[in-house]
Structure formats: structure tokens, C-alpha cells
Amino acid sequence: MEPRKIRILIAKPGLDGHDRGAKYIARALRDAGMEVIYTGIRQTPEAIASAAVQEDVDFVGLSLLSGAHNHLFPEVARLLAAQKASDIILFGGGVIPEEDIPGLKAAGFRAIFTPGTPAAEVIEFVIGEFAASDRSGSR
Amino acid sequence: MGPGDLENLATLVRSGDPRSLARALSLVENGATGSAELLHHLYDAARAWKTVGITGPPGAGKSTLADRLIAFWRSNGRRVGVLAVDPSSPFSGGAILGDRLRMQSHACDPGVFIRSMGSRGHVGGLSAATSAASDILGAAGYDPVLIETVGVGQGEVEVAGLADITILVLVPGLGDDVQVMKAGIMEIGDLIVLNKADRPGIDQLEAAVKANLELSPSSSPRAAVVRCSAETGEGLDLLFSTLEGLITGSGPDPAARRERVREDILRVAESVGIRLAARLLERGGGIDPAVDRVLNGETSPWMIGRDLERLASKAVE
């Protein structure tokens, strides 16, 4: 049987409109055989969490370049937990200072990719995390 | 999942729990073990809810129109389910599911449930699981269930067999009046929406569509034609009232219900056939040795098919 498709939500919380990075990653994940739900720019954490639940995604990838990551990223994690969806794996990307990364990881983000990260690295992360999760088994 | 878990999941779906509903949709979309039992628990031959299909070429404005329809139905207190299908790559199997982007303003409304689906190799404008997914949304209390097809060309008419009402969205500039005369999608709209009405060429499009409809046999019901701009909102009131009329008019019809159940049985039988054929092929040594035998000139795909059919017939007799 074919392996189950990996589903990923790529979203941009906050107010910056720079979506090149998000689109670049979405496209690379598509070419790696994944189903990528792309919700576009200026999304509230509530809209992102709700979409993630309805779409039953395995991953949520957030991209942010405005500097508001320390507030918005953990907020998405909190809202997912409130909807009993903390099994969804979180990762983030964008202009994020090195010193902010430990805090985001503590908030539940499994990886933070900074500018210049090759797409292959993100794909490898997704495949590895998926294989190690319970999600790869039953459904 | 065991039988008890599936019954439990079905109960949670009916109660409207979003996480359970989302999981049920995944289970069925992935054809996971137990999906047939789950669908059995949720199946309702009476189907009190309505399904509305929305189809048309890529970029015609289907998702934007869907967004407007959701807002309209919400203002009338209806709970709206949406299935939005986008194409899967024939090469990687991956997909960009981007219809949701235009409907995200409803993401936080608990009365709206939107699910994106990749076509996953299915041709016809939908995915293999779309019909079952619409049954699940209906069982969860969403009415109507709106089904947006992939952007279609000329021949992808599957949605018309699934939806109570099919909306065909057209835009100016995609061809002359001979395109409009062609068989296929031009025949399936109960409501033909001429979108982007502010663009040049809208008068010619309307004339061509109406002239074509006048040539239809008088026995078949004539599609309604409405001009609008989903973007600006112009013409939407007429569209909504026309659509409501069609939905109300499509009320419980024993013949239509019989036809739907018939289609459900045939659809399920077809998927059983595909799975059995795959198993028979596997028992005969798998696809790759078969490919080798064809390449060596020993046989052809047609003879392999004949052998599979003989094997299956033996099992039947």
C-alpha cells in the first residue's frame, strides 16, 4: 500500500506581507510529495489553529519576518493545545534571532529555520519527525 | 481502530466535534482500515442536507464565489460544510491546496467547516473520497455541503452526479461561441454564473451561453444564467436568490433519491473492483514482472487483463 500522505499547513501569522519564503517552502514540500494547505498572509493565530484542526494536518509551519514571533508562535501552540491538538508538529521560519530560538523550542516548536536554510533540510526534518510520530502509523 | 472505536467516532462526528470530524475525513480519505464501517455508521439514504457543487476553469473565481456563498448561508443561520479539491501532482503526488486561502475569513466561525482535498490521481474534477467526505459533513449537521472541484477544462463532469445543484462558473475571454457549444461541462450547470462581469467580453459570453441553452432539447430543464462579480459583490443578490430557488426546488424526490443510492452502490462496487484487481495482480507476481513480460513481447496489457478477469470470474462462479 502507498504510504499515507503527509499534510502540512503553511501559514503566515501577523502583519508582514513577505510571503516568498513561505511559498518557496510550500512549493518544495509539494515537490517532495506532501499535501500543503497554504492559507496566505495576515492570519490570526486563531484562524491558523482552527484551520489546522479542520484540515487534520500533521504539521503546521509558520513563517514570520516582522519580529512578532515571540508572541505569535507560542500563541498558535497554546490554541492548538486548547483544542487537544498538541500532537500536531510545529515548526517555524523567518527572520528570527538566534537568542529567541530556545524560547520558541520551549513553547513547542520542534525546529526553527532561519534565512538561507536549504529546502532539503526542511523536507528532511518533516520526513524524520513524521516517521517518529504516532501519526505515521494508524491513519 | 476496533468496531467500538468506530461507532464512538461516528457518534462524536454526529455531535459536531471538530477534531473527530477532521479525523473521520482523514480516515476515509486515506482508505484506512475501518473506513467502510465508519461510513456505514454515518450513512443516511434519506440525505436531508443539500450538496451544492461549484465548478469551472482555473482562476474563474470559484473559491471567491464559495467565500461569498458561505457568508450568505451563514447570514441565514445555516451551518456550511466545504470540500475544496485541488489537483495532486502526477509526478510527486504532492499538492498545493490553496482554495482555503480565499475562505479563511470563515476559519474561526464554528458554523463553517472547510476541508481541502488533493485529487490524488482521481480524474473527473474530484478525489475518490469526495463523495464519502460529503456524506460525513452532512451527517455532522452541515447543510449545505459545498463541493468545489479542481479547475476543470471540458470533460470533468463528476460533480454533477454528486451534487443536488451544480454551479458552473465561467469568465470572459476563454474562447469563442463554439467552445460554449461543446459537450461536457457546458451541459452540467443548473446555474451558470458569468463571473468577472466587469471584464471586457462579458456581453459576448452571455449571448453565447444563452444562445447555446436555447438549442437544448425542450425536455431538459434550462439552466439559469446570472452575471456577477464575486470580487466586488455586484450581481450577487440575484445569484443568491436564484440559487435558493433551485435548492428549494430540488426538494425530496423519490426518483432522485433512488438514483443517488444507485450511484453510491456503483461507486463503492467500482472501488472494490479496483482493490480486487490489484490483489489479483499481486497474486500473479506483482506489476513489475508483468511489465517485464510485456516488454519481452511475451504478452500485452490486454492479455493480462483477460487473465485477471478469468481469475475473478472463477472466484465468482
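Predicted model: local features only at pLDDT ≥ 70, side-chain atom pairs only at ≥ 80, totals over all residues.
Student: Now the strands, please. How do strands of a sheet pair?

Tutor: They pair through backbone hydrogen bonds, and the pairing is either parallel or antiparallel. Here is a case that crosses from one chain to the other. β2(A) is joined by three bridges to strand β3 (residues 95-97) of chain B, and the two run parallel.

Student: Which residue of β3(B) stands opposite Glu35(A)?

Tutor: Look for Ala95(B), which stands opposite Glu35(A).

Student: What is the strand order of the open sheet?

Tutor: Six strands make up the open sheet, in the order β5(A)-β4(A)-β3(A)-β1(A)-β2(A)-β3(B), and the pairing is parallel.

Student: Which strands stand at the edges?

Tutor: β5 (109-113) of chain A and β3 of chain B do. Each has a single partner strand, so one side of each is left without a neighbour in the sheet.

Student: What does the twist average from one strand to the next?

Tutor: The average is 20 degrees.

Student: Let me look at β5(A) again. How many bridges join it to strand β4 of chain A?

Tutor: Four bridges link β5(A) with β4(A) (residues 89-94), and these strands run parallel.

Student: Which strands does helix α5 of chain A lie across?

Tutor: Helix α5 (residues 119-132) of chain A lies across β1 (7-11), β3 (59-64), β4 and β5 of chain A. Relative to β5(A), this helix runs at about 170 degrees.

Student: Turning to chain B, what are its domains?

Tutor: Chain B is divided into domain 1 (1-43), domain 2 (44-251) and domain 3 (258-316). The C-alpha centres of domain 2 and domain 3 of chain B are 34 Å apart.

Student: How many residues of domain 2 of chain B are in contact with domain 3 of chain B?

Tutor: Five residues of domain 2 of chain B are in contact with five residues of domain 3 of chain B. On the domain 2 side, two are nonpolar, two are polar and one is charged.

Terms used
Residues numbered from 1 in each chain as written. Chains lettered and ligands numbered in written order. Pairing = 2+ DSSP bridges. Axes fitted to C-alpha atoms, helices over the stretch in contact; angles between N-to-C directions. Contact = placed C-beta atoms within 7 Å. Domains from an automatic or database assignment. Nonpolar A, V, L, I, M, F, W, Y, C, P; charged D, E, K, R; others polar.
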